[in-house]
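This briefing covers charged side-chain pairs. Look over the sequence and the model first.

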Amino acid sequence: MSSRCENCIIRQFNSLRAMSKEELKKVSDSKISKKLKKGEAIFKEGEKLDGVFCVRDGVSKLSKLSENGKNQIVRLASKGEVMGQRAVIAEESTNLSAIAVSDMEVCFIPKEIISNTLDTNPNFAVEVLRHMAHDLREADDVIVNMSQKTVKQRMAEAFLYLRKNYGEDEDGFLTLSLSREDYSNVVGTATESCIRIISEFKKKGFIKTSGKKIGIADERKLLDLIDGF
């Protein structure tokens, strides 16, 4: 199951690409590969992390618990993404939970390796900063969306985002199947409201459903809704 980091195509998508062959060898020798089932936690909010997690396969939801006890999904992490970098570098407890939304394979890299490489390889430090800046920009977009767009607009965006990033199956349904509760946690609404909106979208012919599966039936209508038409 375990493959060498030096030969892993996944590292092209994250900050590990700035490591030298020798540094990647150290990562390979110390990393631990883990398989997780859908619904399993990789780490929980408030945990002190001893390293970072590189996603080799599958998708994880990164979420934060709000004061009213509801989870807000901040983003989805898929193949190639590194989770827990900020907490490890800042030496803080993680402020997010990471839960598998599909079966996953992740590589755990101990924090000593990350810290030592940051101290000795400026290119790696720049890459880490670049990825953290990207995450911050995504977080800013989430905040603006929550404050300026309606729940229906955010829902339409979520469906289009999932199709663009994770694709469709041969029947035209979204490949990544989220629960109704997950959808409500993505857009920041009650599960009941989310179910009502999905039902309304289906009646209007925007989407199609089959059990838990959702497919986009009319992209133009969803885009018009997002644009406020």
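A salt bridge here is a side-chain nitrogen of Lys or Arg within 4 Å of a carboxyl oxygen of Asp or Glu. A search of the whole structure finds 17 of them. The model is predicted: local features need pLDDT of at least 70, side-chain atom pairs count only at pLDDT 80 or more, and totals for chains, interfaces and linings use all residues. Residues are numbered from 1 along each chain as its sequence is written, and side-chain values use heavy atoms, with hydrogens and water left out.

**Strand to strand**
- E105 pairs with R56 in a salt bridge, with the closest N and O atoms 3.2 Å apart.
- This pair links distant parts of the chain: E105 sits in strand β8 (residues 104-110) and R56 in strand β3 (residues 51-57), 49 residues apart.
- Strands (E, at least two residues) and helices (H or I, at least four) are DSSP runs, numbered from the N terminus.
- E105 counts as buried, at 13% relative accessibility.
- Buried means under 20% relative accessible area, exposed over 50%, and partly exposed in between (1.4 Å probe, protein chains only).

**Strand to helix**
- R75 and D135 form a salt bridge at 3.4 Å, N to O.
- R75 is in strand β5 (residues 71-77) and D135 in helix α4 (residues 122-148), so the pair ties together parts 60 residues apart in sequence.
- R75 is buried at 13%, while D135 is partly exposed at 23%.

**Other salt bridges**
- K204 bridges to E200, with the closest N and O atoms 2.9 Å apart.
- Both are partly exposed: K204 at 48%, E200 at 23%.
- A network of salt bridges links R17, E127 and R130.
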